Amino acid sequence: MKNRQADAKYRVGLIGCGRKGTEHARGYRFHPLTEVVAATDTDPENLTLFCERFDVPVYADYEEMLDKERIDIAAPILPTSVNPEVVVTCATAGVKAIFCEKPMSASLEDADRMVEVCRSRGIKFAAGDAFRNLPQYWSAREMIEAGEIGEILSINLYDATSTISGAGCQGLSLMRMFAWDSDVDQVVGHVMTDPFSDDDQDMGGYVRFSNGIECLVHSKSAARRGIEVMGSRGIFASDYSSFHLWKLDNSANPRSAKLSELHEIGGLFHDLTYEPNYDSDGKGLPGNRQMASIQSIVDSLEKDIEPRCSGDNMLKVLEIAIAFRESHRRGHAPVKLPLENRSLKIIPIPARWLNKKEVYGREWYAKEMDRYAQ
């Protein structure tokens, strides 16, 4: 596929042309308002392959690309170790929006810096190809705001993961969303492996938001996964691919209601499949979540709103995860947020902290890259 969007409204510059960067680039190619106009990577093999597939100028130095090309949306799809510096440089270069991947940083101080440099310049900043970007969750939130399940009282997050900052930021982002993105009052946490390590690992605990909503993050695998939003007169639940809403009968008393008085309201949501999707040549296509994430950054520019999974959200998610660990280190004592020590960090696993080719080897990486065409 060659350039087919010469009149697209937003010009995208990819920084990182590897496995995930190629997936992002294909997503931008499928959106009618965006066009990939340039790309950069320090790996010459990635650059050559990207140029063949997308027929755009490529650069070995991302700052040279930012200097020579007019970029509206900068897309740094990079290892977390280098992400903060690149995001800050993109912001000072004068782009309109930045959409990076997750986790956006290891430390709170780096995340603070990334969010502030974008905020001070009016730059839309999104972080993560995230479940939070899916329209089904926003439809559910609108229904809940309209009173469909009464007042939200508590949230259960069944999201057992070995990486609370990496994979776990997905569920924590949804938890914040259904707590109305309120500030967190306090956290009580536990770490399943080593509370005195800064490495990303499995964690969970109790989160109390300043609006009174209480949340339990379950760190052990159970019979279900996903999020469960408990209202005074109903429940919304999702396993990240299906979406359900139950309501009590109008005559039911919540204090004595039986399960039989909860009825699912059908036909409200379109369920998703995460089975691999391929084009006629057998190459992978961007999935529902990827396209929803790109739509979110476009909407932020079109409507002058925050992206659905903003950098500020991911900063606050990282802070919750770190607070789980700090609580364990303090004998499971409640930890008040915001955390005063902004040097605290969670170091992602090697496959997120470093380049995946470096971690898994060229043979594995070549097979992954072959999944995508132009």
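1. α8 (288-303) and α9 (311-329) each give at least two residues to the lining of the second largest pocket. Helices here are DSSP runs (H or I, at least four residues), numbered from the N terminus. The model is predicted: local features need pLDDT of at least 70, side-chain atom pairs count only at pLDDT 80 or more, and totals for chains, interfaces and linings use all residues. Residues are numbered from 1 along each chain as its sequence is written, and side-chain values use heavy atoms, without hydrogens and water.

2. The volume of this second largest pocket is about 260 Å³. A pocket is an open set of points on a 1 Å grid over the protein atoms alone, with protein on both sides within 12 Å along at least five of seven lines; lining residues have an atom within 4 Å of a point. Volume is the space filled by probe spheres set on the points, which are joined across faces, edges and corners.

3. The pocket has 15 lining residues; Arg132, Trp138, Glu306, Pro307 and Arg308 lie nearest its centre. Nine are charged, three polar and three nonpolar. Asp, Glu, Lys and Arg count as charged; Ala, Val, Leu, Ile, Met, Phe, Trp, Tyr, Cys and Pro as nonpolar; the others, Gly among them, as polar.

4. Two cavities of 30 Å³ or more turn up in the whole structure. In a cavity a 1.4 Å probe fits but cannot get out. α9 supplies the largest share of its lining, three residues. By class, that lining has six nonpolar, two polar and no charged residues.
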